[in-house]
Amino acid sequence: MRPILYFLGGDTAPSENQRSDDGALVVGAATPRRELAPGEALPRFEHDWFFDYAYARVFNSKHRLEARQWAGFIYVLDQRFGGFAQMVLDAGSGGGGVFVKRAMMSTEQLMDGALRTVVPICDKTVESQQAVGHARFILNMFKRGDPGVDSVWPDPNGGTKSLAGDELLKDAVLCAYKEALRLGVLRWPPEADEFLKMNPEAIRHWDQERIWALKNLTVGWKQLINIVVETYEKDGLQIEATTSRGARRFSTLGKDDIAYAGIYAYTAFRVWLQGEEFEQPPEEDLAGFAGR
Amino acid sequence: MSSLTLSSLKAELQPRPPRELRVTSAEWEALLCDPVMAARVFFGGRLDAFQACRLRYYWWTQSVIDSSGVGSGKTIVDFLFLCLRCLLIPKHDGAIFYPSLGTGIQSFWDYFRQFSGNPAAKLFVSQLGNPLKVDAGEELDGDGTVHGSECYTAYFRNGNKLLMPAPSIALDSVRAASLTVNTLIIEEWAQIDKMSDAIDKQLIDRCRGASWNQHHAIWGNHIVYTAHAQNRTHPAAPRYFAHQRKIHAGNPMCANISYSYKDFSDLPSDAPGKSFKQHRRNEVTIATGESGDPAVWLGRGLGIWGVSGAGWFSEEAIVEGIKRGKEAGLLPALGKNQFEEKR
């Protein structure tokens, strides 16, 4: 049998206040590459897994979501996918991720328009653990100093310090993602326009949301192609430009919200792999099992 | 019977230009404050909304870097701006530099020929003056300007002049050493910065003419740099970003602007029955540019200072990922049950 675990990545655009008006959420599903024997431990290394992109949703300025609504939608997804194993939200300067994190700490969440009582989802910082007694500490903020992120990409000089700069973290994560791509870990659904045209019968009963999820995932991998590393020419060769700390300089030719949400979902998977939770085989009621 | 005085006799004997070629002082004040209206009055031409915006930026800001993409109408606005400054401001000379004189002759100076033959631009043509003499090596051209081997010059009746000297970029423009103007345009400045230090060593210093109020948004000297955007590793990038830092620091006398072919609107143009978008936007050229290197098109076509670089994720690897997903029957799902139902 092969367990399936779900991970969420979220990229919220800069916002001047709690109203985060643009962003994307992507759900990925991790499955071991081979069948596991009963009682066998889960694989430890990322190349022994497949990471499948299962869902993507974009919110833009037309939706005018508040942080509370963002948080509520994350809880809805958490319910739909049977509980995420880990999630990563962007915490860039001016980003809405910090506001969403705070909204998620509440036990009352606005889910599908209705107020519901939930077990809050919090990050693993000491402050959050002190502030909330009973919670699921599966949230990670994509920044240095976050316990989950630091556990995967610590300071190479050892100790408990974080990486020296934000650009080093970005460099490390993008390298890890590129390695996952090279090792064949990542999988996407088919290209949206082609699939919708060639399979009208298959999508006859699909929700609009599901059709849009397919379109968003297609846009997501196209945005990945737009991520470039800055280079300069020397002696006829293109050399990667680096910062003073030795990190590559990345930029995007166009939008990158869905692409980065997908990268954060994979980051959540890496945080989970590194953490303690997976060392024991998961219980049946915490992860989905799919027999073949 | 009215008495005849010498002054009234002189006034009667002196030929007066027709009313449509006269500009009263009240009209002059209004034209001085609205360059778009001045362009319409003097040249009869119609500007698209973004071109009008661009002209206003040039007019009211003393240092402007225009990084607009190709085909966005920079040169015509340069021409209107420079000519209007020479027409409306007393004791005011202007100059424009191109990387080579030949380029300037073909792209900029040709507008003199076009407007000389345009009946709608009769007010502008009436203000073009002829020099009292033409030096050896120069000839008075049919467009009303003087064409020399080293410099093209347009003289105006108010005594101002507009020059387009040969830049001698390879020699850091040493030949421009004695030139003094009030308004300076440096076209294709990114190319000049790549070739030499001419801008820093000579050209900027030419914009040193005395003005009525050097700190005034209109009266003060102006310098405009126009060229499409490049990538951030280009030799011209430090100048652009230094200018950007001044703007971020709050300097009101600096502006960085950028437009592209996408800004042509549906407003009616001078071509009968056509909008600016239909008349000016060359879709074939745009399609060719878009199909090339995206990083280059970002600067050339869209006027955005982006990074040059290599794609970090290869398209082939991503396509392989899609292929693996297809083999596994991967489809998007709204929840766990839907995702696992066929797996």
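**Two predicted chains and the contact between them**

Good morning. Chain B has 15 helices and eleven strands, where helices (H or I, at least four residues) and strands (E, at least two) are DSSP runs, numbered from the N terminus. What we have here is a predicted model, in which local features need pLDDT of at least 70, side-chain atom pairs count only at pLDDT 80 or more, and totals for chains, interfaces and linings use all residues. Residues are numbered from 1 along each chain as its sequence is written, and chains are lettered from A and ligands numbered from 1 in the order in which they are written.

How confident is the predictor? For the complex, it gives an ipTM of 0.87 and a pTM of 0.63. The average pLDDT of chain B is 86, and 89% of its residues score at least 70; pLDDT is the predictor's confidence in each residue, from 0 to 100.

Let me stay with chain B. Of its 343 residues, 37% count as buried. A residue is buried if 20 or more other C-beta atoms lie within 10 Å of its own, exposed if 12 or fewer, and partly exposed in between, with C-beta atoms placed from the backbone. Among contacts in chain B with a separation of 6 or more, 65% link residues 24 or more positions apart. Two residues are in contact if their C-beta atoms, placed from the backbone, lie within 7 Å.

Now to a pair of helices. Two packed helices are described by the angle between their axes and the distance between the axes. In chain B, helix α3 (residues 35–43) and helix α5 (residues 74–88) pack at an angle of about 85°, and their axes are 10 Å apart. Axes are lines fitted to C-alpha atoms, for helices over the stretch in contact, and angles run from 0 to 180 degrees between N-to-C directions. The helices α3(B) and α5(B) are therefore roughly perpendicular to each other, since angles under 35 degrees count as roughly parallel, over 145 as roughly antiparallel, 65 to 115 as roughly perpendicular and the rest as oblique. On the α3(B) side, the contact is made by B:P35, B:A38, B:A39, B:F42 and B:F43, and on the α5(B) side by B:L80, B:L84, B:L87 and B:L88. By class, this contact of α3(B) with α5(B) has nine nonpolar, no polar and no charged residues. Here Ala, Val, Leu, Ile, Met, Phe, Trp, Tyr, Cys and Pro count as nonpolar, Asp, Glu, Lys and Arg as charged, and the others, Gly among them, as polar.

Next, a strand. Four of the five residues of strand β9 (residues 222–226) of chain B are buried, so β9(B) is largely enclosed by the rest of the structure. Strand β1 (residues 63–66) of chain B runs parallel to β9(B), joined by four bridges, and B:D66 stands opposite B:T226. Strand β8 (residues 183–187) of chain B is also parallel to β9(B), with five bridges; there, B:I185 has B:V224 as its bridge partner. Two strands pair if DSSP finds at least two bridges between them.

Chain A has eight helices and 13 strands, and 43% of its 292 residues are buried. One of its residues, A:Y53, lies in strand β3 of chain A. Is A:Y53 buried or exposed? With 28 C-beta neighbours inside 10 Å, A:Y53 counts as buried.

Finally, 42 residues of chain A are in contact with 31 residues of chain B. Helix α7(A) gives the most to the side of chain A that touches chain B, with eight residues. Thank you.
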